[in-house]
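Please read the following briefing alongside the sequence and the model.

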Amino acid sequence: MGKLTNFKRSIWVFHASGGSCNACDIEIVAVLTPRYDVERFGIKLVGSPRHADVLLVTGAIPRDFADKLRRVYEQMPDPKAVVVVGNCGTSGGVFYDSYNIAGPIDEIIPVDVYVPGCPPRPEAIIDGVVKAWLKIEKLEKELEGKKE
Amino acid sequence: MSWLESLTLTSPSGFWNPLLWLAFLIIFAVIGYIIYSRGNRSYKPGTEQVKPFISGNAVDDVELIRVRASDIYWGLIEAMKGYYAVLMRMHTGDVRDYILWYLGVGAIILFILVGGV
């Protein structure tokens, strides 16, 4: 894993659940509970994509939800990163090639980090968010470079 | 009396000077600009980034989701729909209608008081 070089601010995460069975969502909640307590590292779950740096997506994404997910992604400020949590969002999982599924998620919005598992362990989710953090730092430096 | 003193209004409870007030306004404007300049400049105007978040749903017309003052009384008006439907039909906004009602009700009261004589 790369080294975090820029701790200018904490990372805020928005969680979008698209047709998930709730298993991944429960593991995301576990990440926030006292055993892992990622808020102490500045990783905070927020209620609006307008405030978020990272989009955490779970589920195989039903067709009706695809537009909403695209809109949620577009509402996030730059720089931003997308983390897919679970097998369903990563590859379609057991819903692969299903008629009512618009996913996998990378066919709807660009994905930066995949956290496979059914469901993935909380440690894996934390690792995924940290990887997204590195990506955001890189994007931020690129944005700053463009400004200069 | 200097020109600065001539601009100052003094009273037993204090003083008021427009130049001092202007200086405060400038200071607050500068503080405001500093806060504004530290905001995120990478946002893209005219895109979804500047629109309100409503669970990913498209919002074409803000008027459709705006909560009006009349919405506060929606429950009461809905519960008493039968009563308010009649009242709202009568409430035309035309002063001539109101005068007609005034005269009509006044005539009825007079008729009752005088006893039909």
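A:K80 counts as buried because its relative accessibility is 10%, where buried means under 20% relative accessible area, exposed means over 50%, and partly exposed lies in between (1.4 Å probe, protein chains only). The side chain of A:K80 meets that of A:D78 in a salt bridge, at 3.9 Å from N to O; the term stands for a side-chain nitrogen of Lys or Arg within 4 Å of a carboxyl oxygen of Asp or Glu. This is a predicted model, in which local features need pLDDT of at least 70 and side-chain atom pairs count only at pLDDT 80 or more, while totals for chains, interfaces and linings use all residues. Residues are numbered from 1 along each chain as its sequence is written, chains are lettered from A and ligands numbered from 1 in the order in which they are written, and side-chain values use heavy atoms, with hydrogens and water left out.

**Salt bridges and their surroundings**

- Side chains of opposite charge can pair when their charged atoms come close.
- Over all chains, the rule gives a count of 11 salt bridges.
- A:D78 is also classed as buried, because its relative accessibility is 15%.
- Within chain B, the side chains of B:K51 and B:E48 form a salt bridge at 3.6 Å, N to O; B:K51 is partly exposed, with a relative accessible area of 37%, whereas B:E48 is buried, with 15%.
- Through shared partners, salt bridges join A:D78, A:K80 and B:K44 into one network.
- In chain A, A:D112 and A:K135 form a salt bridge whose closest N and O atoms are 2.4 Å apart.
- That pair links distant parts of the chain, 23 residues apart, with A:D112 in the loop between α3 (87–91) and β5 (113–115) of chain A and A:K135 in helix α4 (residues 122–147) of chain A; helices (H or I, at least four residues) and strands (E, at least two) are DSSP runs, numbered from the N terminus.
- Both ends of the pair count as partly exposed, A:D112 at 29% relative accessibility and A:K135 at 30%.

**The interface of chain A and chain B**

- On the two sides, 15 residues of chain A are in contact with 13 residues of chain B, contact meaning heavy atoms within 4.5 Å.
- The area buried between the chains is about 1,200 Å², and carbon and sulfur atoms give 48% of it; buried area is the accessible area (1.4 Å probe) that two parts lose on being put together, summed over both.
- A:R71, A:Q75 and A:D78 supply 44% of the area that chain A buries against chain B, which is more than any other three residues.
- The rule finds 1 salt bridge across this interface, and the count of residue pairs in polar contact between the two chains is 8, with both residues at pLDDT 80 or more.
- A polar contact is a pair of N or O atoms within 3.5 Å; within protein, one must be able to donate a hydrogen and the other to accept it, and residues adjacent in sequence count only if both atoms are side-chain atoms.
- Helix α2 (residues 63–75) of chain A gives the most to the side of chain A that touches chain B, with 5 residues.
- That side of chain A divides into 6 nonpolar, 3 polar and 6 charged residues, where Ala, Val, Leu, Ile, Met, Phe, Trp, Tyr, Cys and Pro count as nonpolar, Asp, Glu, Lys and Arg as charged, and the others, Gly among them, as polar.
- On the side of chain B, B:E48 is found in the loop between α2 (18–37) and α3 (74–79) of that chain, and, not counting residues up to four places away in sequence, B:E48 touches A:R71, A:E74 and A:Q75.

**The chains one by one**

- Chain A has 4 helices and 5 strands, which run β-α-β-β-α-β-α-β-α from the N terminus on.
- Of the 148 residues of chain A, 47% count as buried, and among contacts in this chain between residues at least 6 apart in sequence, 83% join residues at least 24 apart.
- Chain B has 5 helices and 2 strands, in the order α-β-β-α-α-α-α from the N terminus on.
- Buried residues make up 4% of the 117 residues in chain B.
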